[in-house]
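Here's a quick briefing on how this chain is put together. Take a look at the model first, then read on.

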Amino acid sequence: MTHPTSNSDASLDHPALLSAAESRLPQMLEDIERAISIETPSSDLEAVARGAQDFAAFVTERLGATPETVTVDGVTHLRLRFGSGPAKVVLVNHQDTVWPHGTLERIPFSHEDGVVRGPGSFDMLTGAVMSVHATAMLIEQGGPEAVDGLSIVVTGDEEVGSHTGAPLLREEAAQARAAFVMEAAAGEGGALKIARKGTSMYTIVLHGRASHAGLDPEKGVNAGLEMSHQMLAVAGLANPDQGTTVTPTVFSGGTTTNTVPALARFDVDVRAKTQDELQRVDDAIRALRPVLDGATIEVQGGINRPPMERSMAESLFDRAAALSEAIGIEPPQGVEVGGASDGNYTAGDGIPTLDGLGAVGDGAHAEHEHALSSYIASRTALLAALIADQLG
């Protein structure tokens with residue numbers, strides 16, 4: 001599949017985009033507060049549905065069009081496509097967060113000294129609101145036909161692996177020229193993300209045999225000891241030279257202090273720059289063999305997201321730099337990062353993908369999560385220019 005790298009619309013008034021975005025900033029801040037003020041932890045499907053319902057209402061108010069609600073296995077997603085044909089440009093968003101109920105009581109929305117705080121302010125409700133306002137700006141300047149071919153997707157399970165959101169997104173982006181991911185930017189300068197590692201997630205379950213630890217420990221098969229052997233083996237699959245990390249994380253096992261444990265388990269987080277490396281680790285994990293006689297190994301999970309390789313972002317990043325100059329803003333830098341996003345799916349399917357177009361700030365999944373309001377208008381203007389460029 002070939003994709004054009006530049007479709008610049010000569011009729012678009014690029015300098016006017018920045019002033020239009022700046023005039024919208026107060027409204028955008030109100031809309032960000034609105035989104036943050038509805039807690040949407042991924043694990044609470046009813047909460048995610050409430051957040052999606054309100055976000056859909058917000059989209060209708062700003063764009064005069066109502067998103068389609070798509071519910072898959074209880075998870076609520078939104079999709080809004082302009083025009084009758086397949087999507088040419090897809091804006092990739094999610095509105096679920098990692099924060100549990102009650103976080104708003106400790107960290108309510110605030111905007112002080114140019115810093116926006118609140119659960120999801122950085123990851124990624126600010127970016128989701130920006131995607132709607134960038135679309136509204138294009139409609140204001142060029143009418144509804146200016147966004148013909150644009151699709152806005154807002155998923156509800158990104159933070160827990162996008163198991164139901166990914167198929168919807170991949171279907172929507174299958175014929176797209178570009179996917180713009182509204183995840184937060186990287187670093188203080190707001191660098192765009194031009195490559196992401198792919199990810200795998202595993203749970204390794206060790207089965208042994210219980211026995212009394214004092215009376216007859218020799219009759220047992222210690223699943224905890226087997227786990228220690230396997231954790232070392234799995235950690236040894238990392239390849240620093242290739243940038244591949246293989247990290248045992250959560251682990252558990254045993255029942256009482258005087259019982260040889262019959263069951264133990266540990267989770268594994270894998271990150272790699274290439275699909276070949278993900279596959280190498282996957283093959284090795286599935287080939288694990290027990291060290292202790294009588295123990296058995298069960299492998300759950302697998303490759304989750306393909307890598308977003310640099311080649312899939314370079315042409316769009318070049319356009320972002322050129323359009324930044326046309327708008328009158330500082331061109332962004334580009335960086336490679338270890339974390340994954342839904343952009344991994346679109347890039348893995350061969351769709352040119354540019355990530356990190358959302359909030360500039362810091363603290364994803366951390367107590368100090370925040371977005372800097374001074375960047376919101378300029379980044380919204382850049383997004384609008386990129387959309388028009390690829391729809392052209």
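The protein chain splits into domain 1 (14–196 + 307–391) and domain 2 (198–305), with bounds taken from an automatic or database domain assignment. Their centres, taken over C-alpha atoms, sit 37 Å apart. This is a predicted model, where local features need pLDDT of at least 70, side-chain atom pairs count only at pLDDT 80 or more, and totals for chains, interfaces and linings use all residues. Residues are numbered from 1 along each chain as its sequence is written, and side-chain values use heavy atoms, with hydrogens and water left out.

**Where the domains meet**
- Domain 1 puts 15 residues into the contact and domain 2 puts in 10 (contact means heavy atoms within 4.5 Å).
- About 830 Å² is buried between domain 1 and domain 2, with 50% of that from carbon and sulfur atoms (buried area is the accessible area, 1.4 Å probe, that two parts lose on being put together, summed over both).
- On the domain 1 side, Pro307, Ala340 and Tyr345 lose the most area to domain 2, together 49% of what that side buries.

**Charged pairs**
- The rule finds two salt bridges across the interface of domain 1 and domain 2 (a side-chain nitrogen of Lys or Arg within 4 Å of a carboxyl oxygen of Asp or Glu).
- Glutamate 158 and arginine 305 form a salt bridge through their side chains, at 3.6 Å, N to O.

**Packing**
- Isoleucine 387 touches Val89, Leu91, Ala134, Leu138, Leu150 and Phe180, leaving aside residues up to four places away in sequence.
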